[in-house]
Amino acid sequence: MIIDIHGHYTTAPAPHTEWRESQLEAWAAGTAAPVYPRISDDDIRETLEKNQLRLIAERGADMTIFSPRASAMAHHRGDISTSAAWAAVCNDLIARAVALYPHTFVGVAQLPQQAGVGVDEAIRELDRVVGMGFVGVNVNPDPSGGHWTSPPLTDKYWYPLWERMVEHDVPGMVHVSASANPAFHATGAHYMNADTTAFMQLLQGDLFADFPSLRLVIPHGGGAVPYHWGRYRGLSDMLGKPGHAERLMENVFLDTCVYHQPGIDLLMDVMPKESILFGSEMVGAVRGIDPTTGHYFDDTLRYVMAADLTDDERAGILSGNALRVYPRLANRLAARAA
């Protein structure tokens with residue numbers, strides 16, 4: 001089985017996205033949000049079958065861990081109440097996609113967040129979606145949208161959320177949303193910055209001493225971490241924590257959303273194979289075709305299959321590691337096979 005742990009519903013029906021804008025306009029005007037529009041199952045099927053499902057079939061994956069569009073989370077817009085309502089309808093839409101295609105999709109949730117506000121709403125939504133069968137959540141380390149006004153991930157501010165995630169045994173993908181800072185392009189700079197920043201925050205702290213079973217996925221190949229792995233190992237020493245960077249990789253996992261073969265090869269060469277999960281971010285940040293190969297940039301399965309790996313290492317990256325990180329998915333598949 002091939003499990004893509006990083007897929008977003010970037011092709012959600014237009015009325016869903018239009019409602020968000022209407023919601024924010026109503027919030028700005030101090031009026032009630034409009035009623036959420038009716039979206040039929042056929043609307044959902046149409047957006048998935050000609051996009052994600054077609055590409056999954058063409059490229060050869062079996063299952064996608066599927067979450068709402070990351071850049072549209074936009075935690076910097078509105079307030080915590082609009083964020084909570086938006087997260088709920090986004091997650092409900094994911095649940096409907098999963099119900100329509102239960103052998104292809106499994107849900108990961110968007111959480112309501114707001115810079116300067118606690119994580120109570122995020123915990124309430126976490127409790128709700130776990131009850132709906134979701135197997136993980138996306139956690140935005142910077143709800144300000146590129147201004148970094150929230151405490152680092154190792155701060156006690158986040159602890160109630162980490163505690164509840166451990167209680168539910170669900171991992172979190174550390175994933176920012178849109179950039180509200182014009183200095184940072186969303187997918188080309190803000191995403192990469194955030195991946196690298198999240199790892200550095202974890203390196204400076206000792207989060208997993210307090211939460212030894214917490215699992216965090218840093219997407220997009222871990223940002224600059226694999227390329228600068230020597231820097232982070234050296235910083236471990238300078239911080240008085242020799243070996244800390246390596247130990248982090250027992251709780252931190254990187255995906256393969258790296259859009260060229262040399263990048264994937266570096267990831268495989270440098271980082272522990274047990275910490276790498278297959279992901280494509282499809283349909284996501286870079287949708288074009290690489291003119292040097294004739295293949296889609298985000299067809300990352302092609303790169304993983306071409307990497308210099310043993311059969312066991314490749315099997316782990318394509319599914320085994322994901323089943324360790326997402327035990328609720330493993331349990332569901334085991335029950336289905338029984």
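Predicted model: local features only at pLDDT ≥ 70, side-chain atom pairs only at ≥ 80, totals over all residues.
Let me begin with the aromatic side chains: the structure holds 10 aromatic pairs, where rings of Phe, Tyr and Trp, the last taken by its six-membered ring, pair if their centres lie within 6.5 Å, and where planes under 30 degrees apart count as stacked, over 60 as edge-to-face and the rest as tilted. Residues are numbered from 1 along each chain as its sequence is written, and side-chain values use heavy atoms, with hydrogens and water left out.

One of these pairs is Tyr101 with Phe105, edge-to-face at 6.2 Å centre to centre and with 90° between the planes. Tyr101 is buried at a relative accessible area of 14%, and Phe105 also counts as buried, at 1%; buried here means under 20% relative accessible area, exposed means over 50%, and partly exposed lies in between, with a 1.4 Å probe and protein chains only. Together with Tyr9 and Phe66, Tyr101 and Phe105 form one aromatic cluster.

Another edge-to-face pair joins Tyr157 and Trp158, at 5.0 Å centre to centre and 85° between the planes. Tyr157 is partly exposed at 22%, whereas Trp158 is buried at 0% relative accessibility.

Turning to the helices, which are DSSP runs of H or I with at least four residues, numbered from the N terminus: how do α2 and α4 pack, and at what angle? Helix α2, residues 41-49, and helix α4, residues 80-100, pack at an angle of about 80°, with their axes 10 Å apart. The two are therefore roughly perpendicular, a label for angles of 65 to 115 degrees, and the axes are lines fitted to C-alpha atoms over the stretch in contact, with angles running from 0 to 180 degrees between N-to-C directions. On the α2 side, Asp41, Ile44, Arg45 and Leu48 meet Leu93, Arg96, Ala97 and Leu100 of α4, contact meaning heavy atoms within 4.5 Å. By class, that contact has five nonpolar, no polar and three charged residues.

Finally, His244, which is found in helix α10, residues 244-248. His244 counts as buried at 7% relative accessibility, and its side chain reaches the backbone oxygen of Leu202 at 3.4 Å. Leaving out residues up to four places away in sequence, His244 touches Leu202, Leu203, Gly205, Asp206 and Ser236.

Definitions and conventions: Parallel < 35°, antiparallel > 145°, perpendicular 65-115°, else oblique. Nonpolar A, V, L, I, M, F, W, Y, C, P; charged D, E, K, R; others polar. Polar contact = N/O pair within 3.5 Å; in protein donor to acceptor, adjacent residues only side chain to side chain.
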